[in-house]
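Please read the points below beside the sequence and the model.

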Amino acid sequence: MTFHPSETKPLIFAGDKMGHLGVLDASQEKPTSAVKQEDEDEDEDEDPDPVLTTLKPHTRTISSMTIHPLKPTHLYTASYDSSIREMDLEKTTSVERYAPQSTSEDVPISGVDMAADDPNCLYWTTLEGEFGRYDMRAPRTSPISTWRLSEKKIGGFSLCPTQPYYVATASLDRTMRLWDLRKLSHRDPVPIGEHQSRLSVSHAAFNGVGQIATSSYDDTLKIYDFRAKGLSSWKPGHTLSDNQMRPDTVVRHNCQTGRWVTILRPQWQQNPQSHIQRFCIGNMNRFVDIYSGSGDQLAQLGGDGITAVPAVAVFHRSQNWVAAGTASGKVCLWI
């Protein structure tokens with residue numbers, strides 16, 4: 001899921017495991033209900049469904065999506081069908097921006113991101129443990145830059161918003177690793193730091209001040225504060241000791257999603273309108289939890305209409321809007 005960066009209305013995009021993309025303008029007014037007939041059940045829910053737009057840009061699970069704030073009319077979606085597509089939201093047209101050169105290659109994409117200052121370059125990770133970069137201005141026949149960063153799948157990654165040559169990856173091999181693209185060998189890539197958890201790490205999310213939040217199957221959320229460790233002054237080649245890579249805060253959080261619920265991933269508000277950094281993450285008890293950058297729980301969002309785990313939770317980049325999606329296909333919105 002993602003929000004459109006517009007601050008005038010909540011516009012939400014959500015993908016499913018069949019490759020469908022749903023678009024919801026949550027600012028729409030409810031249509032006036034028809035006059036109720038006398039023989040209708042008094043308890044019958046009269047709320048009509050909102051108007052939705054449903055498209056099918058992919059053939060398999062949509063795993064990640066992003067809208068660059070400098071290019072707000074274009075949505076980029078990544079999928080297990082091995083492709084990244086760009087949708088023109090004004091024309092409702094979709095074009096393929098990346099896919100393996102051979103159609104016989106099956107390389108499911110687990111995440112997509114873009115640098116805050118560059119709307120032309122795509123970055124992605126795969127379930128095969130690869131990390132890729134592609135400049136969309138280059139001819140399609142140009143070679144693609146890829147690095148093998150893990151022997152197992154990379155479940156999630158993000159670029160540092162202020163210094164996008166720093167990349168954080170989370171992997172099934174139980175590690176959160178930090179990489180510097182300025183000094184990254186294609187033949188033998190070496191991270192500038194690594195922290196290993198007891199079980200697999202699901203996602204690693206950077207915020208705008210240099211903190212990383214991770215979720216892990218060891219039932220913890222970990223917050224690493226690299227701002228306090230001098231991130232802004234690091235030179236190419238800078239490395240971090242095991243001690244420097246230890247999380248600054250560890251929060252207990254049930255991440256046992258099982259087979260039917262999407263893996264829980266933290267997602268920061270990228271441009272909060274206060275000094276408090278905050279992220280949201282789904283809760284297995286059918287809530288969405290809001291945490292601060294210091295690990296304090298700020299809120300727990302719920303509601304009577306939530307009948308399944310709102311596992312896929314996202315913050316609007318600047319407004320205090322949170323949306324979450326469930327495996328039953330419903331979207332919850334708090335504004």
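1. Ser-82 sits in the loop that runs between β6 (74-79) and β7 (84-88); strands here are DSSP runs of E with at least two residues, numbered from the N terminus. Its phi is positive, about 80°, although Ser-82 is not a glycine. Most residues other than glycine have a negative phi. Ser-82 counts as buried because its relative accessibility is 3% (buried means under 20% relative accessible area, exposed over 50%, partly exposed in between, with a 1.4 Å probe and protein chains only).

2. The model is predicted, so local features need pLDDT of at least 70 and side-chain atom pairs count only at pLDDT 80 or more, while totals for chains, interfaces and linings use all residues. Residues are numbered from 1 along each chain as its sequence is written, and side-chain values use heavy atoms, with hydrogens and water left out.

3. Arg-286 also deserves a look: its phi is positive, about 70°, and it is not a glycine. Arg-286 is placed in the loop between β22 (278-283) and β23 (287-292). With 42% relative accessibility, Arg-286 counts as partly exposed.

4. How many salt bridges does the structure hold? There are 11 salt bridges, each a side-chain nitrogen of Lys or Arg within 4 Å of a carboxyl oxygen of Asp or Glu. One of them joins Glu-86 to Arg-97, with 2.4 Å between the closest N and O atoms. Glu-86 belongs to strand β7 and Arg-97 to strand β8, so this pair ties together parts that are 11 residues apart in sequence. Glu-86 is buried at 3% relative accessibility, whereas Arg-97 is partly exposed at 26%.

5. Lys-222 and Asp-218 form a salt bridge through their side chains, at 2.9 Å from N to O. Lys-222 is buried, with a relative accessible area of 5%, and Asp-218 is buried at 8% relative accessibility.

6. In the salt bridge of Asp-225 with Arg-227, the N to O distance is 3.9 Å. Here Asp-225 is buried at 14% relative accessibility, but Arg-227 is partly exposed, with a relative accessible area of 48%. Elsewhere, salt bridges with shared partners link Lys-71, Glu-86 and Arg-97 into one network.

7. Cys-280 is in no disulfide, and its nearest cysteine sulfur, that of Cys-332, is 12 Å away. The structure holds zero disulfides. Cys-255 is buried, at a relative accessible area of 3%, and Cys-280 is buried at 0% relative accessibility.

8. The second largest pocket has a volume of about 270 Å³. On a 1 Å grid over the protein atoms alone, a pocket is an open set of points where a 1.4 Å probe fits, with protein on both sides within 12 Å along at least five of seven lines; the volume is the space filled by probe spheres set on the points, which are joined across faces, edges and corners.

9. Which residues lie nearest the centre of the second largest pocket? They are Tyr-98, Ala-99, Pro-100, Gln-101 and Ile-144, out of 14 lining residues, where lining means having an atom within 4 Å of a point. At least two lining residues come from each of β8 (93-98) and β11 (130-135). The lining has seven nonpolar, three polar and four charged residues (Ala, Val, Leu, Ile, Met, Phe, Trp, Tyr, Cys and Pro count as nonpolar, Asp, Glu, Lys and Arg as charged, and the others, Gly among them, as polar).

Key:
Helix = DSSP H or I, 4+ residues; strand = E, 2+ residues; numbered from the N terminus. Disulfide = S-S within 2.5 Å.
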